[in-house]
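Hi everyone, thanks for coming. Let's take a few minutes with this one, so please have a look at the screen.

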Amino acid sequence: MMNREAKGSDTNERRGGAALISKFHLRKMIPVITLVLLLSVSIMLSSSFLTPMNIFNLLRQNAGLAIVSMGMLMVILTGGIDLSVGSMVALGAVLVATFTTTMGLPVLLSIVLTIALLMVLGACAAYFVSFRRMAPFVVTLAVMTVARGLAFMISQGKPINLKPTNPLIRFGKGSFLNLPQTQAKQTFLAVPYPVWAALAVFAVVMLVLRYTSFGRLIRATGSNESAVRLSGIRVGAYKFSVYVISAGLCALGGVISASRAAVGSAQFGEGLELDAIAAVVIGGASLTGGSGTALNTLMGVLILGLIGNIMNLMNIPSYPQQIIKGAIIILAALLQSGKRKDAL
């Protein structure tokens with residue numbers, strides 16, 4: 001009798017465990033399922049959605065967001081947040097436009113200087129977060145204000161137009177095979193340079209997070225910082241690094257924005273921090289740190305891009321689009337909350 005009860009109990013436990021595992025894996029598949037559903041809806045809504053021109057425009061428009069989101073993912077994995085990314089992108093765009101146009105520096109040198117200067121600014125924020133133990137929300141909020149103010153001060157509140165002959169424009173509007181504009185829009189072989197840049201950043205971040213001790217440690221820091229610290233590991237140095245990397249990626253995002261628009265403006269990147277956080281959360285990362293992948297974050301970027309694309313196809317005005325995006329962030333956060341309860 002007791003053996004039967006024991007067997008019945010084991011069977012129920014196995015069924016319960018299998019159901020829990022199945023539910024847990026289903027939640028992990030939410031970004032993939034959402035992306036497939038949105039793709040299906042987009043194809044049904046517009047016959048021109050699958051044309052090379054529309055696909056490349058969609059990818060090109062979201063390349064900067066993908067790059068910035070990779071930096072945001074690394075920060076969030078440590079349990080932090082970076083609210084300065086939108087302003088840093090604007091500052092990067094203004095700086096690279098100033099260097100190449102006003103100061104007449106070579107493009108490559110201008111890009112290197114822009115990335116270096118923003119990494120210095122990012123290092124200032126990283127110092128207060130990592131070694132002075134100040135709240136990331138407060139520090140990056142202050143940097144957001146400083147960076148936007150610097151962008152307006154350097155540009156004097158006016159857009160800095162790039163000359164038509166500036167090679168930086170070719171980077172933003174050119175494609176891999178360097179085909180003429182009309183041909184590039186008609187073939188899938190001509191991948192725009194900003195998309196290649198975003199894919200390169202994604203590949204590096206994915207490899208770092210998956211195969212290096214640095215990636216494992218920043219994830220562990222977000223999961224249990226006290227345990228990592230008691231293991232003798234310098235947590236502050238790792239947290240410092242991710243904020244500096246995020247600033248460097250924002251600079252690259254600013255370079256891409258300026259090259260695409262052929263202008264450096266202090267108004268670039270407004271609200272970009274919310275889009276980057278949304279992409280990371282929609283991709284399944286936990287805002288409390290320790291959980292998240294580069295691949296899912298990339299899917300989060302594509303989901304946001306597709307939602308924007310669908311709303312544009314449906315002629316929905318920009319303000320309602322912001323409301324819908326906010327609702328999507330709340331829904332994604334609720335789903336992640338449910339996932340953590342299942343994991344427990």
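Which helix gives the most to the lining of the largest pocket? The answer is α3, with nine residues; helices here are DSSP runs (H or I, at least four residues), numbered from the N terminus.

Before going on, a word on the basis: this is a predicted model, where local features need pLDDT of at least 70 and side-chain atom pairs count only at pLDDT 80 or more, while totals for chains, interfaces and linings use all residues. Residues are numbered from 1 along each chain as its sequence is written, and side-chain values use heavy atoms, with hydrogens and water left out.

Back to the pocket. On a 1 Å grid over the protein atoms alone, a pocket is an open set of points where a 1.4 Å probe fits, with protein on both sides within 12 Å along at least five of seven lines; lining residues have an atom within 4 Å of a point. The largest pocket has 32 lining residues, and nearest its centre lie Q61, N62, R260, L272 and D275. Helices giving two or more residues to this lining include α12 (235-261) and α15 (318-343).

Now to a helix pair. The axes of α5 (residues 107-130) and α6 (residues 136-155), lines fitted to C-alpha atoms over the stretch in contact, come within 9 Å and cross at roughly 155°. The two helices are therefore roughly antiparallel (angles over 145 degrees). In α5, L121, A125, F128 and V129 meet P136, V139, V143 and A147 of α6, with contact meaning heavy atoms within 4.5 Å.

Conventions: Axes are lines fitted to C-alpha atoms, for helices over the stretch in contact, and angles run from 0 to 180 degrees between N-to-C directions. Angles under 35 degrees count as roughly parallel, over 145 as roughly antiparallel, 65 to 115 as roughly perpendicular and the rest as oblique.
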